[in-house]
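Follow the chain through its sheets first, then turn to one helix and what surrounds it.

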Amino acid sequence: MLVVRDLSKSYDGGPHGQRVLAGINLELAAGEYIAIIGESGIGKSTLLNLIAGLDVPDSGSIHFDGADLAQLSDDARTRLRRTAMGFVFQAFHLLPYLTVKQNVALPLNLGSMIPAKSDRHAMAMLDAVGLAPLAAAYPRRLSGGEMQRTAIARALVHRPRLILADEPTGNLDPENAAHVIAVLRQQIKAGSGAGILVTHSTAAAATADRVYVLTADGLHPREPAS
């Protein structure tokens, strides 16, 4: 489903600027759920942004479902991201003028699903993350953890082929963190999709099928504990 080859990215002047990623290789099949760990600032969020087509690499390639992202127009990448990917951002990116339910239903409405059906799907996903009672609330009323769970529900509601989660448990207490990770894993395993979790949480990473460590010299499988 996802093939990343020799991916590199620098800022402030291309290859002569600040190198963020170099020589990244990764393959992900349908149904797989992996975790990526690494030090702060090492480039984990940048890697997710590149895979999602939100940024472009200096070199290397990203193929998703057979499509080379570099060969797609901006509009085509946007359509692919909207229909086939679900992204959980660290900063939530909830729309303040929409209710919790409307935020969650947004990917469905952008896909032209009729409102009554999108409302049902949104409510089912809010129930899955424990937020159904807050469906009519606006983001300004939510705690950080509630905003995080809303963002996760929005990323999952359209059953994307690829789920990209950037520190999805960063604002959650241990109980809610465990619940959210279980929902993420269940949604990935229930369909034909795949998932990449970027996290500092060893408990969250332990739920993945494979764990990778991102370092300055690449992405490396973490050896199982002996």
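Glycine 86 stands opposite isoleucine 163, a residue of strand 7. Helix 2 (residues 74-84) packs on this sheet and touches strand 6 and strand 7, contact meaning heavy atoms within 4.5 Å. The direction of helix 2 makes about 80° with that of strand 6; axes are lines fitted to C-alpha atoms, for helices over the stretch in contact, and angles run from 0 to 180 degrees between N-to-C directions. Helices (H or I, at least four residues) and strands (E, at least two) are DSSP runs numbered from the N terminus.

This is a predicted model, in which local features need pLDDT of at least 70 and side-chain atom pairs count only at pLDDT 80 or more, while totals for chains, interfaces and linings use all residues. Residues are numbered from 1 along each chain as its sequence is written, and side-chain values use heavy atoms, with hydrogens and water left out.

Strand 6 and strand 7 run parallel and are joined by four bridges; two strands pair if DSSP finds at least two bridges between them. They belong to an open sheet of six strands in the order 6-7-8-3-9-10, with mixed pairing. Strand 6 (85-88) and strand 10 (218-221) are at the edges with a single partner strand each, so one side of each has no neighbour in the sheet. From one strand to the next, the twist averages 20°.

The other open sheet has four strands in the order 2-1-4-5, with antiparallel pairing. Its edges are strand 2 (18-28) and strand 5 (67-68), each with a single partner strand, so one side of each is left without a neighbour in the sheet. Two bridges join strand 5 to strand 4 (residues 59-64), and phenylalanine 64 has alanine 67 as its bridge partner. Helix 1 (residues 44-51) packs on this sheet, touching strand 1 (2-11), strand 2 and strand 4.

Helix 6 (residues 174-190) lies across strand 3, strand 7 and strand 8, at about 135° to strand 3. Its buried residues are Ala177, Val180, Ile181, Val183, Leu184, Gln187 and Ile188 (buried is under 20% relative accessible area, exposed over 50%, partly exposed in between, with a 1.4 Å probe and protein chains only). They sit on the same side of helix 6 because they cover an arc of only 155° around the axis, taken from the directions from the helix axis to the C-beta atoms. Among the elements covering them are helix 4 (115-128), helix 5 (144-156) and strand 8 (194-198). The face turned away from the buried side carries the exposed Pro174, Glu175 and Ala190.
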